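Welcome, and thanks for taking a look at this model. Please keep the view open while reading, as the text moves from a single residue out to the whole chain.

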Amino acid sequence: MPYRLHDLLNQNREWAARVESERPGFFTSLLAQQAPQYLWIGCADSRVPANEILGLLPGDVFVHRNVANVVVHSDMNAL
């Protein structure tokens, strides 16, 4: 059965509280961290976050996801 939006929002709140209790200041540190040195072009597959498979923290890599890892020269998102 699919999750309802309410359930997803509650799960997000619980996850955020768990992360903050395990790593106090984690979200505050992300405020200054959005300065990625890397661009990762990957498939739209959402099973594994790119930063996880690269061993990086959130904000360390800018991720552009699309179907089949295709980069078309006319795609304005890739400029």
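Contact here means that heavy atoms come within 4.5 Å of each other. Please also keep in mind that this is a predicted model.

**A strand residue and its partners**

Which residues does His64 contact, leaving aside its neighbours within four places in sequence? The list is Leu39, Trp40, Ile41, Gly42, Asp75 and Asn77. His64 counts as buried because its relative accessibility is 18%, and the cut-off for buried is under 20%.

Asn51 sits in helix H3. At 15% relative accessibility, Asn51 counts as buried too. Not counting residues up to four places away in sequence, Asn51 touches Leu56, Leu57, Pro58 and Val61.

Asp45 belongs to the loop that links strand E1 (38–43) with helix H3 (50–54). Its relative accessible area is 29%, so Asp45 is partly exposed. From Asp45 to Leu56 there are eleven residues in sequence, and their C-alpha atoms are 18 Å apart in space.

Gln11 is part of helix H1, which runs over residues 5–22. With a relative accessible area of 36%, Gln11 is partly exposed. Gln11 and Val70 are 59 residues apart along the chain, and 33 Å separates their C-alpha atoms.

How many salt bridges does the structure hold? There is one, and it joins the side chains of Asp7 and Arg4, with 3.4 Å from N to O. Side chains of opposite charge can pair when their charged atoms come close. Of the two partners, Asp7 is partly exposed at 26% relative accessible area, whereas Arg4 counts as exposed at 54%. Across the protein there are 6 positive and 8 negative side chains, and the centres of these two sets lie 5 Å apart.

Here are the accessibility values side by side.

| Residue | Relative accessible area | Class |
|---|---|---|
| Asn51 | 15% | buried |
| His64 | 18% | buried |
| Asp7 | 26% | partly exposed |
| Asp45 | 29% | partly exposed |
| Gln11 | 36% | partly exposed |
| Arg4 | 54% | exposed |

**The whole chain**

Now for the wider view. The protein has three helices and two strands, and from the N terminus on the order of these elements is α-α-β-α-β.

What is the radius of gyration of the protein? The value is 16 Å, while a compact globule of 79 residues would have one near 12 Å. The C-alpha trace spans about 45 × 35 × 20 Å along its principal axes.

Of the 79 residues in the protein, 13% are buried; His64 and Asn51 are among the buried residues. The accessible surface comes to about 6,600 Å², and carbon and sulfur atoms account for 59% of that area. As for contacts with a separation of 6 or more, 35% of them are between residues 24 or more positions apart.

Notes
Residues are numbered from 1 along each chain as its sequence is written. This is a predicted model: local features need pLDDT of at least 70, side-chain atom pairs count only at pLDDT 80 or more; totals for chains, interfaces and linings use all residues. Side-chain values use heavy atoms; hydrogens and water are left out. Helices (H or I, at least four residues) and strands (E, at least two) are DSSP runs, numbered from the N terminus. The radius of gyration is taken over C-alpha atoms; the globule rule is 2.2 Å times the number of residues to the power 0.38. Buried means under 20% relative accessible area, exposed over 50%, partly exposed in between (1.4 Å probe, protein chains only). Accessible areas come from the Shrake-Rupley method with a 1.4 Å probe; for residues, only the protein chains shown count as cover. Lys and Arg count as positive and Asp and Glu as negative; His and the chain ends are not counted. The place of a charge is taken as NZ of Lys, CZ of Arg, CG of Asp or CD of Glu. A salt bridge is a side-chain nitrogen of Lys or Arg within 4 Å of a carboxyl oxygen of Asp or Glu.
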